[in-house]
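The following exercises concern one protein chain. Please work through each task before reading its solution.

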Amino acid sequence: MNLTEEGRATFEHMAAKYRARLQEIVERWSPEDHPEVRTMLTAFSRQLLAQMPRVSTS
């Protein structure tokens, strides 16, 4: 997926909002007590980054 600079900025803004909300949800957890959750969140974040749209250069 290709985005304009404005589209990319919007995407990054939305991603930051989702990250902040997810951080609020998990900040009460103790990652050292839940290694399986840490593993799942790491895999999830890598999948999201792999799907991040590219900026259109045309």
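Buried means under 20% relative accessible area, exposed over 50%, and partly exposed in between, with a 1.4 Å probe and protein chains only. The model is predicted, so local features need pLDDT of at least 70 and side-chain atom pairs pLDDT 80 or more, while totals for chains, interfaces and linings use all residues. Residues are numbered from 1 along each chain as its sequence is written, and side-chain values use heavy atoms, leaving out hydrogens and water.

**Exercise 1.** Classify Arg 38 as buried, partly exposed or exposed, and state which residues Arg 38 touches.

Step 1: Arg 38 is placed in helix H2; helices are DSSP runs (H or I, at least four residues), strands likewise (E, at least two), numbered from the N terminus.
Step 2: Arg 38 counts as partly exposed because its relative accessibility is 44%.
Step 3: Leaving aside residues up to four places away in sequence, Arg 38 touches Pro 31 and Glu 32, where contact means heavy atoms within 4.5 Å.

**Exercise 2.** Describe the order of elements in the protein chain and its share of buried residues.

Step 1: The protein chain contains 2 helices and 2 strands.
Step 2: Along the sequence, their pattern is β-α-α-β.
Step 3: Of the 58 residues in the protein chain, 9% are buried.

**Exercise 3.** Determine the classes of residue in the lining of the largest pocket.

Step 1: Nonpolar covers Ala, Val, Leu, Ile, Met, Phe, Trp, Tyr, Cys and Pro; charged covers Asp, Glu, Lys and Arg; the others, Gly among them, are polar.
Step 2: The lining of the largest pocket has 11 nonpolar, 3 polar and 1 charged residues; a pocket is an open set of points on a 1 Å grid over the protein atoms alone where a 1.4 Å probe fits, with protein on both sides within 12 Å along at least five of seven lines, and lining residues have an atom within 4 Å of a point.
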